[in-house]
Amino acid sequence: MTKGIFSSFRFHVFLAFIFSVLAVVVPFKDYRFQNYTGDSQGYMRVAHDLATKGVFTDGHYAAMSDVQGPNGEGMFFAPLYPAMLAGVLAVDKTFSTMVDCYMAHEETSAREFCPQDIGYLKIVQIVLAVISLFLVWMSAYVITGRVGAAWVSVVFASVAEAYAYYAGFIMTESLVFPLFTASLLLAVMAFKTGRLGALAGCGVMLGFLTLTRPSFIYMFYFILVMFFIFSVAGKAGWKNSLRVVLFPLMGFLLVVMPWLIRNKTVFDELA
């Protein structure tokens, strides 16, 4: 009976989740706000503008931008991470107080005089880090079909403590890690099963990933081509080969189309 419990896949999934929580939370206990980059300042400014003015701006880069909307709109930064920050600003006084202070001071003096507590944002980013690490376990299992390989992968991924480390940054890595891993997991599931849900889900995750860092659109192109090539090579027929391209494309466009329409309306260009 005991042997059956410990060999159960569900038991390993449960343990993997607990391990992921501990692997992030334990290193994070000595939390200190990490605001060492100009990008962090940029994301805070864009989120602050979104929360106070209701528009996506170019933040600190607005003065250098050649493209400006009538209300100060910009498209230098991808929208997803600043939107997440703006959401936290709307509900968390601690984080909003820190950001307001940073916006009122130059970066050098802000570190000296402003509070260094990102409030609820650290909880949000810890949760994202836990999801990222757990998805590593799931991805390794789906790829290999072996629980042992999944455990080796998640242990190696946790050793550098990168997931916990970036949870203390105002940086896009907090979103990139889970979205990137989820995209690959769904891509592998789509390759293995051909299920429409996995194909469309892969496109959706890649859409969110592109709205976090636009350079990941090339990853979307690559996976789309690979779907088509493997489908044709497997003699699935032209209809099925087109289907494995159409569903991820539909999922991707469902996510990115509102941002593209906004850019076209405001700037008369897509990106």
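Colleague: What makes the pair Cys-101 and Cys-114 a disulfide?

Modeller: In this predicted model, the sulfur atoms of Cys-101 and Cys-114 lie 2.0 Å apart. The cut-off for a disulfide is a pair of cysteine sulfur atoms within 2.5 Å, and with an S to S value of 2.0 Å the two cysteines are therefore counted as joined.

Colleague: How many disulfides does the structure hold?

Modeller: The structure holds 1 disulfide.

Colleague: Which parts does the pair tie together?

Modeller: Cys-101 belongs to helix α5 (residues 93-104), while Cys-114 sits in the loop between α6 (107-113) and α7 (120-144), so the bond ties together parts that are 13 residues apart in sequence.

Colleague: Are Cys-101 and Cys-114 buried or exposed?

Modeller: Both Cys-101 and Cys-114 are buried, a word used for a relative accessible area under 20%.

Colleague: And why does Cys-202 count as buried or exposed?

Modeller: The relative accessibility of Cys-202 is 0%, so Cys-202 counts as buried, since the cut-off is under 20%.

Colleague: How do you know where empty space is left?

Modeller: A probe the size of a water molecule is rolled over the atoms, and this shows where empty space is left. A space counts as a cavity when the probe fits but cannot get out, and by this rule there is 1 cavity of 30 Å³ or more. The largest cavity has a volume of about 30 Å³.

Colleague: Which elements give two or more residues to the lining of the largest cavity?

Modeller: They are α7, α9 (162-166) and α10 (173-193), with α7 giving the most, 4 residues. The lining includes Gln-125, Tyr-163 and Phe-177, and by class it divides into 5 nonpolar, 3 polar and 1 charged.

Colleague: What lines the largest pocket?

Modeller: The largest pocket, which has about 300 Å³ of space, is lined by 16 residues, and Thr-210, Pro-214, Trp-259, Leu-260 and Ala-271 lie nearest its centre. Helix α13 (residues 238-267) contributes the most to this lining, with 6 residues.

Colleague: How many residues of each class are in the lining of the largest pocket?

Modeller: The lining of the largest pocket has 14 nonpolar and 2 polar residues, and no charged ones.

Terms used:
Residues are numbered from 1 along each chain as its sequence is written. This is a predicted model: local features need pLDDT of at least 70, side-chain atom pairs count only at pLDDT 80 or more; totals for chains, interfaces and linings use all residues. Side-chain values use heavy atoms; hydrogens and water are left out. On a 1 Å grid over the protein atoms alone, a cavity is a set of points where a 1.4 Å probe fits but cannot get out, and a pocket is an open set with protein on both sides within 12 Å along at least five of seven lines; lining residues have an atom within 4 Å of a point. Grid points are joined across faces, edges and corners, and a volume is the space filled by probe spheres set on the points. Ala, Val, Leu, Ile, Met, Phe, Trp, Tyr, Cys and Pro count as nonpolar, Asp, Glu, Lys and Arg as charged, and the others, Gly among them, as polar. Buried means under 20% relative accessible area, exposed over 50%, partly exposed in between (1.4 Å probe, protein chains only).
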